[in-house]
Amino acid sequence: MGRLANKNTLITGGRRQILEKNQAPKEKAPSRSRLNSIDFLRGLVMIVMALDHTRDFFAAGGFNARDVTEPALFLTRWITHFCAPTFIFLAGISAFLYGTERKTSDVSRYLFTRGCWLVLIEFTVVRFGWTFSFKLDYRVIQVIFVVGASMIVLAVLVHLPRWAIATVGLALIAGHNLFDGIKAEQLGAAAPVWHLLHQPGAIDLTRGFKLFVLYPLIPWIGVMAAGYALGPVFRLERETRVRQLFVIGALVTVGFVFLRAINLYGDPAPWAVQSGVVATVLSFINCEKYPPSLLFLAMTLGPALMLVAVLDGAQGIVAGWITIFGRVPLFYYIAHIYLLHASAILFAWITMGSAVFAATYKADG
């Protein structure tokens with residue numbers, strides 16, 4: 001009987017261990033609904049992004065989209081500020097979720113190769129979409145390049161503990177404004193490196209070929225690293241996940257309001273009281289994107305975190321459409337640039353009899 005009891009205990013214990021082993025990954029693995037909330041928010045900001053690029057192609061040249069005395073125009077630009085930070089932050093979260101059941105070496109390899117592809121796509125397919133030109137006179141470092149470069153850096157960071165990745169991300173986000181006083185022209189031969197890392201500007205690579213840095217790397221690398229560090233929250237049960245995301249987003253937003261109000265740190269351009277209440281409010285939220293200041297990122301990522309919590313579990317036809325866009329972000333990005341550029345050329349030809357925009361320059365008027 002003793003042997004039989006021991007045998008039954010071993011069998012029961014073995015079954016329990018097998019059951020627990022089989023159930024554990026299912027409990028930790030992110031569900032489709034959790035991924036839907038990420039895809040939904042990503043699709044939403046990409047739709048808003050199209051507003052900014054539509055204005056790039058169709059609006060008259062020479063206007064200032066940050067003029068606080070023009071509220072309607074200002075807000076069409078300001079609302080699109082949420083796009084790049086949210087997209088890159090969600091890319092970091094997605095990278096973490098991708099690696100939940102994979103070896104670190106496999107995740108690192110995936111991030112590195114995908115990052116290299118995105119850099120190549122920026123300089124070829126995306127560049128042609130913006131210019132419709134095969135000239136090799138210049139290239140622009142924009143958001144796709146930055147996503148790719150951030151992935152390449154994250155491919156190295158994933159070998160560190162998560163607390164170390166979070167520290168690197170938050171340090172880059174919160175600390176880079178300490179170096180606003182350093183200008184590339186002060187650095188001599190190192191000026192191109194500083195343009196690439198922190199200060200937008202043109203880099204003369206060879207005679208007749210320039211690299212224009214619109215998106216310096218340092219803060220954006222921090223955004224992706226911070227997203228990766230927050231990834232485990234998306235593996236929690238829905239109630240806990242929603243609560244934590246909303247609280248974190250609210251704290252970041254409150255932090256933005258406080259730091260912006262005292263005007264001591266976080267953005268190179270302080271806000272100021274204007275002639276009217278609306279213009280003063282717009283001055284308060286008029287933060288620097290190139291490179292994105294601490295306050296710019298807090299102003300956008302705080303509400304984005306609260307929004308992803310609110311959108312968690314969203315259903316319906318419209319939510320389904322938006323989520324589809326969020327699942328094919330690179331295709332959407334490339335397709336909308338080509339469509340907008342071609343539409344602008346057609347519009348210029350119909351209304352003005354000129355399609356000069358096809359040669360990269362916007363038609364007069």
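Buried means under 20% relative accessible area, exposed over 50%, and partly exposed in between, with a 1.4 Å probe and protein chains only. The model is predicted: local features need pLDDT of at least 70, side-chain atom pairs count only at pLDDT 80 or more, and totals for chains, interfaces and linings use all residues. Residues are numbered from 1 along each chain as its sequence is written, and side-chain values use heavy atoms, with hydrogens and water left out.

View 1. Helices (H or I, at least four residues) and strands (E, at least two) are DSSP runs, numbered from the N terminus. Of the 365 residues of the protein chain, 45% count as buried. Contact means heavy atoms within 4.5 Å. Among contacts between residues at least 6 apart in sequence, 72% join residues at least 24 apart.

**View 2. Helix H5 bends by about 45 degrees at Ile121.** The bend is the angle between axes fitted to the seven residues ending at a residue and the seven starting there. H5 spans residues 104-131, 28 residues in total. From first C-alpha to last it reaches 39 Å, close to the 40 Å expected at 1.5 Å a residue. That expected span is 1.5 Å times one less than the number of residues. Phe132 follows H5, with a positive phi near 50 degrees.

**View 3. Phe96 and Tyr228 pair across the chain.** Rings of Phe, Tyr and Trp (its six-membered ring) pair if their centres lie within 6.5 Å; planes under 30 degrees apart count as stacked, over 60 as edge-to-face and the rest as tilted. The whole structure holds 15 aromatic pairs. In this one, the ring centres of Phe96 and Tyr228 are 5.5 Å apart and the planes stand at 80 degrees, so the pair is edge-to-face. Phe96 belongs to helix H4 (residues 83-98) and Tyr228 to helix H9 (residues 217-230), 132 residues apart. Phe96 is buried, at 12% relative accessible area. Tyr228 is buried too, at 11%.

**View 4. Phe132 and Tyr338 form a tilted aromatic pair.** Their centres are 5.9 Å apart, with 50 degrees between the planes. Phe132 sits in the loop between H5 and strand E1 (138-141), Tyr338 in helix H14 (residues 329-352), 206 residues apart. Phe132 is partly exposed, with a relative accessible area of 23%. Tyr338 is also partly exposed, at 26%. Phe128, Phe132, Phe134 and Tyr338 form one aromatic cluster.

**View 5. Arginine charges sit over the rings of Tyr98 and Tyr138.** The criterion is NZ of Lys or CZ of Arg within 6 Å of the ring centre and within 35 degrees of the ring normal. The charged end of Arg102 lies 3.9 Å from the ring centre of Tyr98. For Arg127 over Tyr138, the distance is 4.8 Å.

**View 6. Thr300 is buried, at 0% relative accessibility.** This residue lies in helix H12 (residues 294-311). A polar atom of the Thr300 side chain is 2.9 Å from the backbone oxygen of Phe296. The backbone oxygen of Leu297 lies 3.2 Å from a polar atom of that side chain. Leaving aside neighbours within four places in sequence, Thr300 is in contact with His81, Phe82 and Pro85.

**View 7. His336 is buried, at 8% relative accessible area.** His336 is placed in helix H14. Not counting residues up to four places away in sequence, His336 touches Met49, Ala50 and His53.

Notes. Polar contact = N/O pair within 3.5 Å; in protein donor to acceptor, adjacent residues only side chain to side chain.
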